[in-house]
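Good morning, and thank you for joining this group meeting. I would ask you to look at the structure on the screen while I speak.

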Amino acid sequence: MASGGEQAPADAEPLELVLFQVAECYVYLIPPRKTAASYRADEWNVNKWAWEGALKVVSKGEDCIIKLEDKNTGELYARAFLREGEPHPVEPVIDSSRYFVLRVEENIDGRQRHAFIGLGFRERPEAYDFQAALHDHMKYPCVRYLKHEEHAVGAAVRQADGFPAGGSSTPRSHPKKPPHCARWPGGRPLRLCGYDAGPVATVHVPA
């Protein structure tokens with residue numbers, strides 16, 4: 001129930017939760033792939049990019065959206081979608097850990113169009129964290145569960161103490177546990193979304 005006794009609409013827009021963001025990334029215009037061979041960054045002029053801006057990985061419901069935005073105005077430059085059951089929109093190049101090919105989408109006159117662009121990061125840790133955010137969204141449902149719980153309006157702290165939202169002083173049963181969470185060898189769970197369940201570590205993303 002929403003505050004004031006009003007019921008929240010069933011078709012309410014899902015929250016957008018930022019899983020990863022970086023203030024500086026680079027976009028390259030790359031030639032079409034002519035064979036089935038993997039992409040190589042050394043075939044691009046990586047010192048001459050077509051666009052520079054910010055990148056966000058956003059979880060919205062079941063979708064994961066990669067947004068390229070102007071770092072000053074926030075204007076959207078391009079976006080890609082990671083959806084279950086569809087081809088992955090990100091392909092690493094084979095000769096560098098900092099560069100990728102991104103399949104971006106745009107709706108033009110009611111028709112869905114796509115294009116492939118090069119994407120680069122200045123630092124390797126940024127590239128690793130980018131991949132880890134995508135991997136977590138698809139691999140571990142508990143990541144999304146905990147993040148949505150964390151963003152529940154005005155209720156996060158009281159729910160942790162067993163009290164319902166809305167100011168009532170009557171305790172309630174704790175919410176059900178989230179879906180199966182990732183665990184490190186030995187059974188210790190990952191530390192997710194501020195829930196202190198062990199040290200933070202980078203999730204390995206297979207090539």
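I shall go through the strands, the nonpolar cores, the aromatic rings, the cysteines and the salt bridges.

A word on conventions comes before the details. This is a predicted model, in which local features need pLDDT of at least 70 and side-chain atom pairs count only at pLDDT 80 or more, while totals for chains, interfaces and linings use all residues. Residues are numbered from 1 along each chain as its sequence is written, and side-chain values use heavy atoms, with hydrogens and water left out.

Let us begin with the strands. Helices (H or I, at least four residues) and strands (E, at least two) are DSSP runs, numbered from the N terminus. Two strands are said to pair if DSSP finds at least two bridges between them. S1 and S2 are antiparallel and pair over 9 bridges; in S2, Glu52 is the bridge partner of Tyr26. S2 is joined in turn to S3 by 7 bridges, and these two strands also run antiparallel. Here Ala54 has Glu69 in S3 as its bridge partner. S2 and S3 form a hairpin with 2 residues between them, and in the turn Gly61 has a positive phi of about 65 degrees.

How much of S2 is covered? Of its 10 residues, 7 are buried, so the strand is mostly covered. By buried I mean under 20% relative accessible area; exposed is over 50%, and partly exposed lies in between (1.4 Å probe, protein chains only).

The hairpin of S6 and S7 has 2 residues between the strands, and Asp109 in the turn has a positive phi of about 55 degrees.

I turn now to the interior. In soluble globular proteins, nonpolar side chains tend to be buried together. A nonpolar core is here a set of buried Ala, Val, Leu, Ile, Met, Phe, Trp, Tyr and Cys residues joined through side-chain atoms within 4.5 Å. The largest such core has 24 residues, of which Leu55, Leu68, Leu102, Phe121 and Phe130 touch the most other members. At least two residues of this core come from each of strands S1 (16-28), S2 (51-60), S3 (63-69), S4 (76-82), S6 (99-108) and S7 (111-121) and from helix H1 (124-139). A second, separate core of 9 residues includes Tyr39, Trp44, Tyr99 and Val101.

Which residues does Leu68 touch? Leaving aside residues up to four places away in sequence, its contacts (heavy atoms within 4.5 Å) include Cys25, Trp51, Leu55, Tyr77, Leu102 and Ile117.

For the aromatic rings, those of Phe, Tyr and Trp (its six-membered ring) pair if their centres lie within 6.5 Å; planes under 30 degrees apart count as stacked, over 60 as edge-to-face and the rest as tilted. By this rule there are 9 aromatic pairs. One of them joins Phe121 and Phe130, which are tilted at 45 degrees between the planes and lie 5.2 Å centre to centre. Phe121 and Phe130 are both buried. Ring pairs link Phe20, Phe100, Phe121 and Phe130 into a cluster.

As for the cysteines, Cys25 is buried at 0% relative accessible area, and Cys64 is buried at 0% as well. The count of disulfides (a pair of cysteine sulfur atoms within 2.5 Å) is 0.

Finally, the charged side chains. A salt bridge is a side-chain nitrogen of Lys or Arg within 4 Å of a carboxyl oxygen of Asp or Glu, and the whole structure has 11 salt bridges. One of them joins Arg33 and Glu91 at 3.0 Å, N to O. This pair links distant parts of the chain, 58 residues apart: Arg33 is in the loop between S1 and S2, and Glu91 in strand S5 (residues 90-92). Arg33 is partly exposed at 38% relative accessibility, and Glu91 is partly exposed at 26%.

Another salt bridge joins Glu52 and Lys71 at 3.1 Å, N to O. Because Glu52 lies in strand S2 and Lys71 in the loop between S3 and S4, the pair ties together parts that are 19 residues apart in sequence.
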